[in-house]
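I opened my notebook and made a list of things to look up. The entries below follow my order of looking.

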Amino acid sequence: MARAEKYIPTEKAQAFLDKVTDAKHDRQIINGLKKFLDDRAPEDMLNFYTQEEKAALIAIKGTEQDIESRMPVKITRHYYDLAKNSPPLQTLIKASPAETFDMQGAPDPGNQMDYSPIEGLIHKYELGLIYVASTCSAHCRFCYREELIAKKEIARNDGTVERKGLAQILELVNYINKHNDIVSTNGGRHPDTGREKLREILMSGGDPMVLLNKNLAQWFSALADAGIESIRVGTKELAFYPDRFDDTFFAMMDDFHEAYPEMKFRFMVHFNHPDEFLQKDENDNFIENPDGGLVWVESTTRAVKQLASRNWISIENQAPLIKGISNDAEALRIMQRELKRNRIENHYFFCGRDIIGHKAFNLGIEEAWQLLNKSQQGLSGVEAHARLSITHYLGKTEVVAVTNEPMAGVPGSENGVVIFKLLRGAADAHNKGEVAIVGRNPDAIWFSGYEDRVIFDEAGLFKNSMKSTSSA
Ligand code: SF4
């Protein structure tokens with residue numbers, strides 16, 4: 001069999017790569033549910049699942065309701081230590097039979113395969129998202145990449161059915177070069193898609209921070225040499241294993257910055273609840289810092305301070321609002337305030353996606369909007385920057401408003417309305433800012449819950465097929 005062609009780093013990249021060192025990380029991961037069910041987990045973790053929970057999970061093992069065929073269980077020691085006294089974190093990380101009671105949902109949320117010109121790349125919006133890892137240090141039960149992490153087979157546009165694969169450096173670099181060449185010879189826009197030059201790549205998965213420094217460094221330098229100007233790193237490692245942000249990682253980042261000073265980094269971090277980064281006293285209260293603010297978990301604050309001390313790195317939090325984890329306005333208020341105080345911007349909160357089993361996780365769209373608004377009462381303008389977004393297959397959409405009053409003379413608005421606005425079109429940005437207005441439905445957890453009550457749809461959110469198997 002012919003050997004796949006390998007990416008050859010430039011001389012400049014090789015000089016940087018030669019300096020990179022890796023440290024060994026022992027995340028003390030428990031991989032899979034079996035160790036908990038067979039009582040083979042470390043002794044102090046044995047009661048993480050109650051006897052009743054274990055019995056319920058054993059009863060559905062191997063059936064169509066099997067929890068781990070939907071999404072494998074994984075937890076780090078660090079996250080266990082945070083979760084053992086935190087019900088919301090337990091909901092995030094512990095398997096529950098409720099996840100598979102109703103398996104409705106889209107096998108490929110957001111119809112990502114429609115935007116995948118090469119394996120492992122989603123070229124949607126103005127940026128490219130690449131899958132560089134198919135796991136994270138631990139697994140959120142509500143994961144919206146469950147199809148990648150659980151290695152499920154997905155229908156492709158060419159009619160084949162296969163697992164999603166990871167991006168390969170050479171193939172991606174060739175794609176970027178070709179796309180950008182076509183754009184530059186066509187006056188700044190691609191003639192077929194209307195997209196501009198690819199300037200920004202979001203490294204995702206899974207979590208890129210499970211990779212070794214040397215793998216991250218290969219990606220960073222290849223992307224820089226392909227003309228990418230900013231790299232986003234989507235990661236939940238600050239919650240799952242903050243010690244990954246160690247001296248060897250920052251030495252690699254600093255060497256990279258020296259070699260490629262114009263590259264900017266955006267760490268898109270993922271905190272769902274303040275219990276993931278704040279210390280608590282014996283009465284379960286957050287601890288006040290005498291100099292202001294609250295006391296953070298030491299390893300997390302160390303990592304955040306290191307990231308924030310580099311002015312070529314920005315840090316933004318984005319997280320879905322999930323039932324049993326985030327439906328606590330006071331916790332969300334504390335989280336937004338503490339993140340902003342520590343140089344982490346509040347970027348987006350998301351309505352849960354229509355993944356398989358989403359009914360176990362998604363809050364109602366209107367409830368999520370009310371929750372976020374309540375949580376932002378009392379926050380300053382800069383602390384309350386986060387918007388509520390929901391990802392339609394046409395593009396990223398904001399839930400702008402939910403009204404309690406009818407709109408005078410407008411049929412269908414008797415119980416109030418919900419207003420959606422397209423933030424970004426999935427291809428070019430021609431439809432940015434267009435809105436849709438629907439009559440309220442407190443039970444709606446996805447767009448399909450409003451299909452029978454559309455009042456105005458300039459954005460076209462309800463015009464075509466919903467391209468989803470879910471319903472509210
Ligand atoms: S961190 Fe993100 S990709 Fe990883 S399991 Fe959680 S939701 Fe999924």
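**Entry 1: E316**

I looked up E316 first. I note that the model is a predicted one.

Where is E316 found? I found E316 in strand 10. I then listed its contacts, leaving out residues up to four places away in sequence. E316 touches R266, M268, I344, E345 and H347. I also checked E316 against K340, which is 24 residues apart from E316 along the chain. Their C-alpha atoms are separated by 9.3 Å.

**Entry 2: the sheet**

Next I traced the sheet. How many strands does the open sheet have? I counted 12 strands, with mixed pairing. Their order is 3-4-7-8-9-10-11-12-13-14-15-16. Strand 3 (121-124) and strand 16 (454-457) are the edge strands, and each pairs on one side only. From one strand to the next, the twist averages 25°.

I reminded myself of a general point. Strands of a sheet pair through backbone hydrogen bonds, either parallel or antiparallel. Are strand 8 and strand 9 parallel or antiparallel? Strand 8 (residues 230-235) and strand 9 (residues 264-269) run parallel, and six bridges join them. In this pair, T235 stands opposite V269 of strand 9.

**Entry 3: helices**

I turned to helix 12 (residues 298-308), which packs on the sheet. Helix 12 touches strand 9, strand 10 (313-321) and strand 11 (344-351). The direction of helix 12 makes about 130° with that of strand 10.

Which residues are buried in helix 14 (residues 365-375)? I wrote down I365, E366, A368, W369, L371, L372 and S375. These buried residues pack against several elements, including strand 10, helix 13 (329-341) and strand 12 (387-392). Strand 13 (395-402) and strand 14 (417-425) are also among them.

**Entry 4: the ligand**

I listed the residues around the ligand: C136, H139, C140, C143, Y144, R145, G206, D207, K236 and H270. By class, four residues of this shell are nonpolar, three are polar and three are charged.

**Entry 5: confidence**

Last, I checked the confidence. The protein averages a pLDDT of 92, and 95% of the residues score at least 70. Where does pLDDT stay under 50? I found this over residues 467-472. The model has 25 contacts beyond four places in sequence for residues 467-472. Where pLDDT is low, the predicted coordinates should not be read in detail.

Technical notes:
Residues are numbered from 1 along each chain as its sequence is written. This is a predicted model: local features need pLDDT of at least 70, side-chain atom pairs count only at pLDDT 80 or more; totals for chains, interfaces and linings use all residues. A residue is near a molecule or strand if its C-beta atom, placed from the backbone, lies within 6 Å of it. Ala, Val, Leu, Ile, Met, Phe, Trp, Tyr, Cys and Pro count as nonpolar, Asp, Glu, Lys and Arg as charged, and the others, Gly among them, as polar. Two strands pair if DSSP finds at least two bridges between them. Helices (H or I, at least four residues) and strands (E, at least two) are DSSP runs, numbered from the N terminus. Axes are lines fitted to C-alpha atoms, for helices over the stretch in contact, and angles run from 0 to 180 degrees between N-to-C directions. Two residues are in contact if their C-beta atoms, placed from the backbone, lie within 7 Å. pLDDT is the predictor's confidence in each residue, from 0 to 100. A residue is buried if 20 or more other C-beta atoms lie within 10 Å of its own, exposed if 12 or fewer, and partly exposed in between; C-beta atoms are placed from the backbone.
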